[in-house]
Number of protein chains: 4
Amino acid sequence: MKTDGSDKIRAAILGASGYTGAELVRLLARHPRVAMTVITADRSAGKSFGTVFPHLAHLGLPTLVKIEDADWDQADVVFCALPHGTTQEVIAGLTKRLKVVDLSADFRLFDVGTYAEWYGHEHKAPDLQKEAVYGLTELKREAVKAGRLIANPGCYPTSAQLPLIPLLEAGLIESVDIIIDAKSGVSGAGRAAKEANLYSEVTEGIHAYGVASHRHAPEIEQGLSEAAKSTVTVNFTPHLMPMSRGILSSIYVKLKGGAKADDLRDALVKRYAGEPFVRVVPAGSAPATRHVRGSNHCLMGVFADRVPGRHRVGDR
Amino acid sequence: MKTDGSDKIRAAILGASGYTGAELVRLLARHPRVAMTVITADRSAGKSFGTVFPHLAHLGLPTLVKIEDADWDQADVVFCALPHGTTQEVIAGLTKRLKVVDLSADFRLFDVGTYAEWYGHEHKAPDLQKEAVYGLTELKREAVKAGRLIANPGCYPTSAQLPLIPLLEAGLIESVDIIIDAKSGVSGAGRAAKEANLYSEVTEGIHAYGVASHRHAPEIEQGLSEAAKSTVTVNFTPHLMPMSRGILSSIYVKLKGGAKADDLRDALVKRYAGEPFVRVVPAGSAPATRHVRGSNHCLMGVFADRVPGRHRVGDR
Amino acid sequence: MKTDGSDKIRAAILGASGYTGAELVRLLARHPRVAMTVITADRSAGKSFGTVFPHLAHLGLPTLVKIEDADWDQADVVFCALPHGTTQEVIAGLTKRLKVVDLSADFRLFDVGTYAEWYGHEHKAPDLQKEAVYGLTELKREAVKAGRLIANPGCYPTSAQLPLIPLLEAGLIESVDIIIDAKSGVSGAGRAAKEANLYSEVTEGIHAYGVASHRHAPEIEQGLSEAAKSTVTVNFTPHLMPMSRGILSSIYVKLKGGAKADDLRDALVKRYAGEPFVRVVPAGSAPATRHVRGSNHCLMGVFADRVPGRHRVGDR
Amino acid sequence: MKTDGSDKIRAAILGASGYTGAELVRLLARHPRVAMTVITADRSAGKSFGTVFPHLAHLGLPTLVKIEDADWDQADVVFCALPHGTTQEVIAGLTKRLKVVDLSADFRLFDVGTYAEWYGHEHKAPDLQKEAVYGLTELKREAVKAGRLIANPGCYPTSAQLPLIPLLEAGLIESVDIIIDAKSGVSGAGRAAKEANLYSEVTEGIHAYGVASHRHAPEIEQGLSEAAKSTVTVNFTPHLMPMSRGILSSIYVKLKGGAKADDLRDALVKRYAGEPFVRVVPAGSAPATRHVRGSNHCLMGVFADRVPGRHRVGDR
């Protein structure tokens, strides 16, 4: 995709002042084939990157600009880390020459009716939605390569779909009675100042939220339904707990057609054998979020339950 | 039970140097009808209580002694906060005049065969076991009052049985497919120095442990089976997370005979109406451990799932 | 101060929705001589107390009202936990019959010029200021008893003045070169949603803030100057660290006139001998904030330095 | 130093099971010029590296061996991350061909008498001690390059010496009345299971320890005395706080000969201008440990105090 004399892809980052954008910058800064040429952050426009992100001050990144001042000629690809809702209009306004990776929720749901139902407003770019590719790279690599507009999956949906989709596709588990009990760190809620995310509200406690009503449920069900070739409805219960990063999803499934826990493990090991960022932990050990903290790795493990016919899949 | 001239029950605390014992002392110190007359702590024997527990130094408690130096004539009731295994012998050696509340796991399982299977050694006081009352006070108040040897329930079993037993007794939920996804703070593992409980191993992370093999599973099943009048087997998955105190058990159950989530809530509200330490939170809100931190309160809530026929019960 | 038939003082709490107000309610709820009859919380007016503060739902407290709807006839004393700045006008509007304990910073500085300099606006009730008593109870008990308007000390100033004032009064330490290195939990910043206080910004880190510019410096200096009978200027450096509650002030002082560290300890032990909430820890041990967490206790310790003539005083 | 056909230095890591060793492995794994060829971990010998360190499982590192089974022919340099005390004998037994970087405290103090006084036993390799180079790389680069046995500085001494040595050398600060108030994360205490480092003992609290008696005091004084060309004695007070990694040292110094805070800042900026891992933060901002977490960066800032003649230097 090299479009200039160098061997690097030129990336524009929109919305680098949030946690998503800052983390993206941190990861891309270590990528040998990417040069960040444009970085926008509306509130901090005009400031040096290192002033706003002291931990990245040594990277020599460009000065922050407003989106309207971005020089798109300097970019081959645009990473969009803006709030959902506003993202649709920004992306609709970009020249079609640019490949776009959108980290918001704006293009994740294929059905704009489902989007409207869960996000509370009409989709603002339904035509673009048709073009969007759901970017669960490990399971959609060719589509991601070929697509122009990539909808980066949500955090919870990634943790649920990576283990479940291969198992549903292989017919090893039932598509009913799937229970996803997910525990998330706080950065997933973003950097916006909300009372619920204050240190004193979060430390030393845990609670469920969005029970039976979280927006990531339809995104999970979209992927699982495609894999099962039938409508899948899950029980998805997210919890907020005191850690900055990471998600642990404890997933309870029913085995199908005589499958054993080891069959599930084998299927996952085989499916992710060549993937650098996904790993099945050894039998008998459970994934721990501290083993992937600060990385883009995902761990998963499989345990047989004591109750015949009911097994447990854990992942990052 | 007043046996001396005063109106206070004289309590001996065995094993006050661990987290269980120290917390017991903290709670009893505020009890208007209890006087702590004997406190043992083998490693700290001879020291003043305030030296070992600076946060309780203002209580004027007796100097710590070894168990063998305890003056049992000074006590009406003995609270035993010793490690499991050793507890059986200590209690077997006490005069029968003393009422005993045992906080270890040693007398919780009625069946000494089940005890041997899960705890890895023969029960050392099978005759005493026959006498033991399972002390889930809210559900066994009369037996607890009448009994001489009370086996205080485990932490996870308390959080699972308080919401589930009334629902099973009322026939509102199925006794199969009960899934208990529990998240625990670290003090439940006790004060023993283990690498797994070091600050740097626990902070900012979460992981499951004891999957399908935790000793609290048979204790939970014992109580639920009694309530259901049939053998109940549960999926119980405990997780360790960064908080000192508290447990959140997210419990997934199937409704029975046309029951609705509101019927479950009503049953729990009614069952615990007169209980000072158990409260059902309002519909639509989820219990948070920070609301009971440092207290002996238990909160529980009920949510209907989006999937017909599958509902969720959460509690402390 | 009993003004009705009962033996309880009737207290109104203004601003119970913040951390200060909620904590005050928690402490007063356990006080045998206080009945909370009026509780205001503007944003939550009309709600039951237990809805807003689930951990205090069992206390049976009155429904929250707006300040303008408070029935002052129901109160003998008013505790004011409002933001500084607005407090002055609210208190100025209260009938003089009411005793007032103000927990904001509005009446702590005797000199309204100093107030204007540090708080950025003119004092709005300079006449009331003249009447105000600085409520460092352990050192001003008679004035606090006699006064009508009590200015409750700031958190940092309490931790600095309790150990330093007796030592300055006794002439045991120099009044120059006092260095106060203070580490604070996050609740001191209040419950307002600010990015700097988000969990992900605070956990697993520490930093100084307000260096040489924190508003508590003049408050500390006011108290120390009165004790030293000369103008005292301190080096005060606050730090924000990951804990909800508590302050540890490590204070570095120079000994005067041949005094030894033990003389300092003896003076503090003697000064606070009868005080239930202040305790000097044994020689050789250092105060830890976890020993006072959730209480209104203050611990202090004294260590001799290896450098002759320089000693260290630590406290909560 | 390339000794084989490749362009990589072959490194042996001794003691990779502790926090120091594991972190060293993490950093070296990203170094383009280093290949880890031997890794020892006595308790885990025979296991794959990824089993013991799941977060590094993707690195393809060699199987863990016991020290006595290490093949020294495979190494050019040895990094020693063993407990102090045992280190001296291990290093004494290595062939002199190997360059050694010792991360323990065993060779940091030039004077073996001082070592014996602070560490409680005679130095076991006094001849090797004479050869050792104190490896504060930014200030001793040429000696570190030339030396065979490098004593890696302690954590606190690094945070104190990096800002203070250039200022003492430049004559900008007095060599008396230096106060170092240091706040450390828990991993500095190592991975050994000690009650004091349990999660429940550390979370949500802070306390000083080793007051006027910490072993890093003589190490700090050794470096400062060399810089000042006179004996320097410091007040060094370490604190333990709830974070895994990082140290913040708030250092209070007196200006000398009319120097201003800006002169100190300028001297530090100039001194560390070419250093990739040390950075002076902009005037008015204070270093925060979260900005260097997980890296080997050190930040420092300088603030003028309100008290004339007394200034503050903070660093990581």
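## Basis of the model

This is a predicted model, in which local features need pLDDT of at least 70 and side-chain atom pairs count only at pLDDT 80 or more, while totals for chains, interfaces and linings use all residues. Residues are numbered from 1 along each chain as its sequence is written, and chains are lettered from A and ligands numbered from 1 in the order in which they are written.

## Relation of chains A and D

Two copies of a chain are related by a rotation about an axis and a shift along it.

Twelve residues from chain A and twelve residues from chain D form the contact, where contact requires C-beta atoms, placed from the backbone, within 7 Å. The side of chain A that touches chain D has five nonpolar, five polar and two charged residues (Ala, Val, Leu, Ile, Met, Phe, Trp, Tyr, Cys and Pro are nonpolar; Asp, Glu, Lys and Arg are charged; the others, Gly among them, are polar). Because 100% of the interface residues of chain A are also interface residues in chain D, the copies meet through the same surface.

## Overall fold of chain A

Chain A contains ten helices and 13 strands, defined as DSSP runs numbered from the N terminus (helices H or I, at least four residues; strands E, at least two). Its C-alpha atoms fill a box of roughly 60 × 45 × 40 Å along the principal axes.

Of the 316 residues of chain A, 53% count as buried, meaning that 20 or more other C-beta atoms, placed from the backbone, lie within 10 Å of the residue's own.

## Domains of chain A

Chain A is divided into domain 1 (9-151) and domain 2 (155-315), with bounds from an automatic or database domain assignment. The contact between them takes 13 residues from domain 1 of chain A and 16 residues from domain 2 of chain A. On the domain 1 side, helix 4 of chain A gives the most, with three residues.

## A strand pair in chain D

Strand 7 (residues 179-184) of chain D pairs with strand 10 of chain D in the antiparallel sense over six bridges; pairing requires at least two DSSP bridges. D:Leu248 in strand 10 of chain D is the bridge partner of D:Lys183. Seven of the eight residues of strand 10 (residues 247-254) of chain D are buried, so this strand is largely enclosed by the rest of the structure.

Note on methods:
Contact = placed C-beta atoms within 7 Å. Buried ≥ 20, exposed ≤ 12 C-beta atoms within 10 Å, placed from the backbone.
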